[in-house]
Amino acid sequence: MKQLTTYIFDLDGTLLDTLSDLATSVNYALAHHNMPVRTTDEVRAFVGNGVENLILRAVPHDTPPAVATEVLDTFRKYYIQHSEDSTMPYPGIISLLEQLKQRGIKTAVVSNKFHAATQALCSRYFGSLIDVAVGEGNGIRRKPE
């Protein structure tokens, strides 16, 4: 059997439990724009296809695109400052990554979270245990591309 040399992980909901910080940030942005807030379960249902889609799903259906963009900007500014308030690795993740590193296996994260946040979170929580971290951004195509 062929030995795998590289493992590629998603970030949110795979390596890190980020849901609480995402929900808090979504609700901050919605409230800032006088929109109804969402439950954590609603936010959980909205995640998975990048922050732009997260916000488009969270705002009321009749929200004009320009206003949705303002909510997204508010979300991004708030989230970058609060992305580590309650975020943490899932139990056993650090040990798993350490074992992979000890076996000489390369690791990467590819996320639909914006690039700066992906890199900051990977650096903060995993350090050298993740070899490459890539997120959504200018010139970077979103997963699964």
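Predicted model: local features only at pLDDT ≥ 70, side-chain atom pairs only at ≥ 80, totals over all residues.

Residues are numbered from 1 along each chain as its sequence is written, and side-chain values use heavy atoms, with hydrogens and water left out.

**Stop 1: the rings**

A pair of aromatic rings is described by the distance of the centres and the angle of the planes. Here, rings of Phe, Tyr and Trp (its six-membered ring) pair if their centres lie within 6.5 Å; planes under 30 degrees apart count as stacked, over 60 as edge-to-face and the rest as tilted. A search of the whole structure turns up two such pairs.

Select Tyr28 and Tyr78: the ring centres are 4.1 Å apart and the planes sit at 15°, so this pair is stacked. Which parts does the pair tie together? Tyr28 belongs to helix 1 (residues 19-32) and Tyr78 to helix 4 (residues 65-82), so parts 50 residues apart in sequence are tied together. (Helices, H or I with at least four residues, and strands, E with at least two, are DSSP runs numbered from the N terminus.) Tyr28 is partly exposed at 36% relative accessibility, while Tyr78 is buried at 17%. Those words have cut-offs: buried is under 20% relative accessible area, exposed is over 50%, and partly exposed is in between (1.4 Å probe, protein chains only).

Now pick Phe75 and Tyr79, another stacked pair, with 5.5 Å centre to centre and 5° between the planes. They are four residues apart in helix 4, which separates them by about one helical turn. Are they buried or exposed? Both Phe75 and Tyr79 are buried.

**Stop 2: the charges**

Side chains of opposite charge can pair when their charged atoms come close. A salt bridge means a side-chain nitrogen of Lys or Arg within 4 Å of a carboxyl oxygen of Asp or Glu, and the whole structure has five.

Go to Asp12 and Lys113, whose side chains meet in one of these at 3.1 Å, N to O. Asp12 is in the loop between strand 1 (6-9) and strand 2 (16-17) and Lys113 is in strand 4 (residues 106-114), so the bridge ties together parts 101 residues apart in sequence. Asp12 is partly exposed, at 23% relative accessibility, and Lys113 is buried, at 3%.

Next, select Asp41 and Arg44, where the closest N and O atoms of the salt bridge are 2.4 Å apart. The two are three residues apart in helix 2 (residues 40-46), about one helical turn.

Then try Glu84 with Arg124, a salt bridge of 3.0 Å, N to O. Glu84 is in the loop between helix 4 and strand 3 (88-89) and Arg124 is in helix 6 (residues 115-126), 40 residues apart. Stay on Arg124: its charged end also sits over the ring of Tyr125, 4.8 Å from the ring's centre. (That calls for NZ of Lys or CZ of Arg within 6 Å of the ring centre and within 35 degrees of the ring normal.)

**Stop 3: helix 3**

Finish by colouring Val51, Leu54, Ile55 and Ala58, which are buried in helix 3 (residues 51-58). Look down the axis of helix 3: the buried residues fall within an arc of 90°, so they line one face. The arc is that of the directions from the helix axis to the C-beta atoms. What covers the buried residues of helix 3? The cover includes helix 1, helix 2, helix 4, strand 4 and strand 5 (132-136), with contact meaning heavy atoms within 4.5 Å.
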